[in-house]
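Thanks for making the time this morning. I would like to take you through one structure, and I will ask you to keep it on the screen while I talk.

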Amino acid sequence: MSAADLVARAESVAREGAEAIAAAGSLDALADAERRYLGRSSPLHEVREAIKTVEPAARAEVGRALSAARARLEELAAGRRTELEARARAASLVAERLDLTVGGRDYRRGHLHPVTRIWRELEDVFVGLGYRVAEGPEVELDWYNFEALNFPPGHPARAMQDTLYVRLGEPEQVLLRTHTSPVQVRVMEAQRPPIYVVAPGRVFRRDTLDARHSPVFHQIEGLAVDEGITLGDLLGTIESFVHALFGRDVRARFLPSFFPFTEPSCEFAMTCVFCEGSGCAVCSRTGWVELGGAGMVDPNVFEAVGVDPERYTGFAFGFGIDRLVQLLYGVDHVKHLWDGDVRFLRQF
Ligand code: PHE
C-alpha cells in the first residue's frame, strides 16, 4: 500500500471510530469501541505495522496521520466517558432514592377540655383586671379550710359543706378542701396587702352526683384586700367579669346570704343566657342563674391571719367553673363533662 493509501485508511478508521464512540450508549459499549479502535487489534495497529512497507521518506507523513487519528479518538472517548458517567450517576440517584415521607395517616387534632378552657379564660379576665393567679393544696388542713375562715369547731356552717376527711394525723384535721377559700388564708399569711389574687382549683364534697352536683368540681376564688375597698368594688368587679365573659347584655344581681368568712355576704346570679331573662327550664323560670357567693372579708378572718382590720378592708368571691361551662354550652348534666366520651368532647 502506498503512503497516501495508509493515510486515507487512518483517516477512515478515525471517522468510523468517532461514530462508534458517539453511538456508545453505555460505559461498557464505550470500552468496547475503545478496544476496537484504539486497542491492539485495531485497524490503526495494522496501519502502523504497514509503515515499514512504504519508502522511508513518506513514513513520517503516515506516522503523523496515525497519531492525529489516535489523538482524536482518545479525546472523543474521554468526552463520551464523562457524559456517560454523569448520566449513570443521575440514573442511580433516581433508582436509589429513598422515600422518607411520613404521613398518609389522618390524625384527629385534640383540644383543651371545655372546663380547662373556661378556667384559663377566667384567669385571663382577672389578670386583665390586675389580679395575680394563686394556688393552694387540694389536701388541706382544717385550719385553712374552716378554722381561719371563722367556722368554729362544731359550727353548723361546716355541715353546709359535707367534708371528705383523710385519715392522716389528728382525727378530722386533714381533709379534701371543700372550697377554694383556704387559698385566701394562705395568700394573706404569705403576703401583706395590697392583695389582688384569683385562685382556681379543684374542690371536693360528699355530694351525690346529680345534674348540677358532682363530688369533685372546680371553683375560682377572688380576693382583694387594700385600703378603702368597699362593697361597691365587689359588685363592680363581678359585673365586669360577667360582661367580659358573656357580653354587655347580661346583668348580674346580688341577694343577701351567709358565709362565716364574709360580712355582709351575698349570692350572685346573672341573667339566664338561654332565655335572656324571660324564664325557662334552665333558670327554673326565674330569668336568673346562680353563680356563687361573695362578701366583704370578715374582720375575724383578718385577725386570724394578722392583717389589721382597722386599716384594711377587702372582698372575696367564689363560684363554680363547671357550672359556668354548663351554662355557656347548655350541658344538661355535669357527668357529661367527666365521662371522657370523645363523642361529647369533640363538640367543643
Ligand atoms: N367558698 C364559698 C363556697 O364555696 C363561696 C364564697 C367564696 C363565698 C368567697 C364568699 C366569699 O360556697
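I will go from the domains to the pocket and then to the aromatic contacts.

Please keep in mind throughout that this is a predicted model. The protein is divided into two parts, with domain 1 covering residues 3–96 and domain 2 covering 114–345. If we take the centres over C-alpha atoms, domain 1 and domain 2 are separated by 98 Å.

The largest pocket has a volume of about 860 Å³. There are 43 residues lining the largest pocket, and those closest to its centre are Arg 205, Gln 219, Glu 290, Leu 291 and Gly 292. As for the elements that give two or more residues to this lining, they are the strands E6 (216–226), E7 (252–259), E8 (262–271), E9 (288–297) and E10 (313–320), together with helix H11 (321–329). Which element gives the most to the lining? That is strand E9, with eight residues. If we sort the lining of the largest pocket by class, we find 18 nonpolar residues, 17 polar ones and eight charged ones.

Now to the rings. A search of the whole structure returns 14 aromatic pairs. One of them joins Tyr 131 and Tyr 196 in an edge-to-face arrangement, at 5.8 Å centre to centre and with 85° between the planes. Where do these two tyrosines lie? Tyr 131 is in the loop between helix H5 (114–128) and strand E1 (132–133), whereas Tyr 196 belongs to strand E5 (residues 195–204), so the pair ties together parts that are 65 residues apart in sequence. The two partners also fall into separate burial classes: Tyr 131 has 8% relative accessibility and therefore counts as buried, while Tyr 196, at 30%, counts as partly exposed.

Another pair is formed by Phe 344 and Phe 348, whose ring centres are 5.1 Å apart; because their planes meet at 65°, and the cut-off for this class is over 60 degrees, the pair is edge-to-face. Both Phe 344 and Phe 348 are buried.

Coming back to Tyr 131 and Tyr 196, ring pairs link both of them into a cluster that also takes in Phe 126, Phe 241, Phe 254, Phe 268, Phe 315, Phe 317 and Phe 319.

How values were computed
Residues are numbered from 1 along each chain as its sequence is written. This is a predicted model: local features need pLDDT of at least 70, side-chain atom pairs count only at pLDDT 80 or more; totals for chains, interfaces and linings use all residues. Side-chain values use heavy atoms; hydrogens and water are left out. On a 1 Å grid over the protein atoms alone, a cavity is a set of points where a 1.4 Å probe fits but cannot get out, and a pocket is an open set with protein on both sides within 12 Å along at least five of seven lines; lining residues have an atom within 4 Å of a point. Grid points are joined across faces, edges and corners, and a volume is the space filled by probe spheres set on the points. Helices (H or I, at least four residues) and strands (E, at least two) are DSSP runs, numbered from the N terminus. Ala, Val, Leu, Ile, Met, Phe, Trp, Tyr, Cys and Pro count as nonpolar, Asp, Glu, Lys and Arg as charged, and the others, Gly among them, as polar. Domain bounds come from an automatic or database domain assignment. Rings of Phe, Tyr and Trp (its six-membered ring) pair if their centres lie within 6.5 Å; planes under 30 degrees apart count as stacked, over 60 as edge-to-face and the rest as tilted. Buried means under 20% relative accessible area, exposed over 50%, partly exposed in between (1.4 Å probe, protein chains only).
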